[in-house]
Amino acid sequence: MFDPQEVLSQATIAFQPWMVWVCLLGVTLGILWGAMPGLSTTMAMALLIGLSTGMSQHVAIMFMLGVYTGSVFGGAISAVLINIPGTPDAVPTMIEGHRLAQRGEGGLALGTAIMGSFMGNWIGIIFLIAFIPAILFLALQFRSWEMFLLSMWGVAICGSMSAGDMPIKGWISGWIGLLISFVGLDAIHGVARFTFGMRTLEDGISYIPLLIGLFGLTEILKVLPQNSPPGIPSEVGRIIPPIKKLIGYSRAAFRSGVIGTIIGAIPGAGANVASFLSYDIGRRRAKIDEQQKWGKGSYEAIVCAEVANNANIGGSMLPTLTLGIPGNAAAAAILAALEMKNVVVGPTIQTENPGIIFFIYIGLIIANFLMYGMAIVLIKPCVKLFSLPRTLLMPLIIPICVMGAFAVSLNYFDVYLMFIAGIVGYILHRFGFPLAPMVLAVILGPLADENLRRALLLFEDQNLTNILITRPIGTILLLVVMYTFYDGIFRRGH
């Protein structure tokens, strides 16, 4: 129940100078970590959670909320400036933002990403506060069959991420990613698949070293042989986009915020799914003249992607706080931090920990404002750093890529995997295959595989008609997947 006195009490705690400074520290570390090429919000949360062990309950929560909020935006910085996404969900931002940066509009592209992140956080927070029952009810309807179809929708979107009118190349890249995701012990029966007798492969192939290789090392291999590689202008120029332009994107921002929040409320989906889906839906719903800019440097596309992956924060907190089921891996780190501080999450969170849910609401609001301020402050130093000559900057990024790959599981195999992915990515790039669909499919593959096999076991004694009638959400998703393939083949691939 809403209690004004309890809200005021928690706000008094949250707005203490020490609390704000701790949140600012978390936001700053999150932005800087997210900006490091090829790393992830999950890694930031997992590694920085150790800093919160000596903190009190409220301080630790404020710090981790700051890290979460900052790291989600941070991935856009390296994505725009050096064409290497800091986090997996920044790939759509990379596709559009780097084109703008090459035209001397890097500051405005990052400013649009900042505003998109700011708006996305607000949408997620408002939905978190106002619509917990409705969104939670919708999320609970997504069971194995629906989760499989949601994953397949993501793979179907791969065709839309292809350059020109060749969706088949996007789907081929996506199927390769699916094949990679099947390596290891399957989640149902523990049978080894595609391991070739190597115990190292039994744990599967992590998408983090793959991401680093495909977008980090591949970019280095693309740039170093060039006599005069394209650089990024060192002058930032205007950062904050015109208010009139932002108002023009308000419909796309609201739609993307709803998508990001709902996807965040579905356990296991994550910000990467939200940003890719919002990016594709935004392209389909954009005006004709704006559609022509998609893939060549569209500010509306950046808004769609950044609003969605930041609104995902509020959405992911819904099942985390009310059911104890983390919406994604980063929310799992928040859950671990809460449990470490003896916070009982679930339906009794408000009775077991009076006021804590209001404190989290207020903490997210404070972190959002601090993210907005620190992002603007850090843009110029980042642009100066990333505007160094590519022949100097790219070799410096190689050690970061190696450390990022090794840090996933402290395993040299991941480093070798990163180098292999980089070489394969370079070859695919030379033949015109997009790399983003492969990463998306590797992320969604385990989700699709496990849920399809579980659904087949559950539907073993049912006929198809009964399944279609009794699972309306799944039927709608099935039609959406079919339409996405149809649209890619007959409207873009003619």
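Reader: What should I know about the model first?
Author: The model is predicted: local features need pLDDT of at least 70, side-chain atom pairs count only at pLDDT 80 or more, and totals for chains, interfaces and linings use all residues. Residues are numbered from 1 along each chain as its sequence is written, and side-chain values use heavy atoms, with hydrogens and water left out.

Reader: How many helices and strands does the protein have?
Author: The secondary structure comes to 22 helices and two strands. Both are DSSP runs numbered from the N terminus, helices being H or I with at least four residues and strands being E with at least two.

Reader: And what share of the residues is buried?
Author: Of the 494 residues in the protein, 58% are buried. Buried means under 20% relative accessible area, exposed means over 50%, and partly exposed lies in between, with a 1.4 Å probe and protein chains only.

Reader: What share of the contacts comes from residues 24 or more positions apart?
Author: Such pairs account for 78% of the contacts with a separation of 6 or more. A contact means heavy atoms within 4.5 Å.

Reader: Turning to helix packing, how is a pair described?
Author: Two packed helices are described by the angle between their axes and the distance between the axes. Here the axes are lines fitted to C-alpha atoms, for helices over the stretch in contact, and angles run from 0 to 180 degrees between N-to-C directions.

Reader: At what angle do α4 and α14 pack?
Author: Helix α4 (residues 57–82) and helix α14 (residues 299–322) pack at about 160°, and their axes are 10 Å apart. The two are therefore roughly antiparallel to each other. By the cut-offs, angles under 35 degrees count as roughly parallel, over 145 as roughly antiparallel, 65 to 115 as roughly perpendicular and the rest as oblique.

Reader: Is that crossing left-handed or right-handed?
Author: The crossing of α4 and α14 is right-handed. A crossing is right-handed if the near helix is turned clockwise from the far one by less than a right angle, and left-handed if anticlockwise.

Reader: Which residues in α4 and α14 meet?
Author: On the α4 side they are L65, Y68, T69, V72, F73 and A76, and these meet E306, N309, N310, I313, S316 and M317 in α14. By class, this contact has seven nonpolar, four polar and one charged residues. Ala, Val, Leu, Ile, Met, Phe, Trp, Tyr, Cys and Pro count as nonpolar, Asp, Glu, Lys and Arg as charged, and the others, Gly among them, as polar.

Reader: How do α8 and α20 cross?
Author: The axes of helix α8 (residues 167–181) and helix α20 (residues 436–458) come within 7 Å and cross at roughly 40°. These helices are therefore oblique to each other, and α8 passes α20 in a right-handed crossing. The contributors from α8 are G170, S173, G174, I176, G177, L178, I180 and S181, while α20 supplies P437, M438, A441, V442, G445 and P446. The class count for this contact is eight nonpolar, six polar and no charged residues.

Reader: Which residues does S173 touch?
Author: Leaving aside residues up to four places away in sequence, S173 touches P434, L435, P437 and M438. S173 is in helix α8 and is buried, with a relative accessible area of 1%.

Reader: Is G216 buried or exposed?
Author: G216 is buried, at a relative accessible area of 0%, and is found in helix α9. Not counting residues up to four places away in sequence, G216 touches I84, L211 and C401. G216 and I398 are 182 residues apart in sequence, yet 7.9 Å apart in space, C-alpha to C-alpha.

Reader: Where does F194 lie?
Author: F194 lies in the loop between β2 (192–193) and α9 (207–223). Although not a glycine, F194 has a positive phi of about 55°, and this residue is partly exposed at 43% relative accessible area.

Reader: What about the phi of F196?
Author: The phi of F196 is near 55°, a positive value in a residue other than glycine. F196 also has its place in the loop between β2 and α9, and is exposed, with a relative accessible area of 72%.

Reader: Lastly, what does the side chain of H98 reach?
Author: The H98 side chain reaches the backbone oxygen of V80 at 3.0 Å. H98 lies in helix α5 (residues 91–130) and is buried, with a relative accessible area of 5%.

Notes: A polar contact is a pair of N or O atoms within 3.5 Å; within protein, one must be able to donate a hydrogen and the other to accept it, and residues adjacent in sequence count only if both atoms are side-chain atoms.
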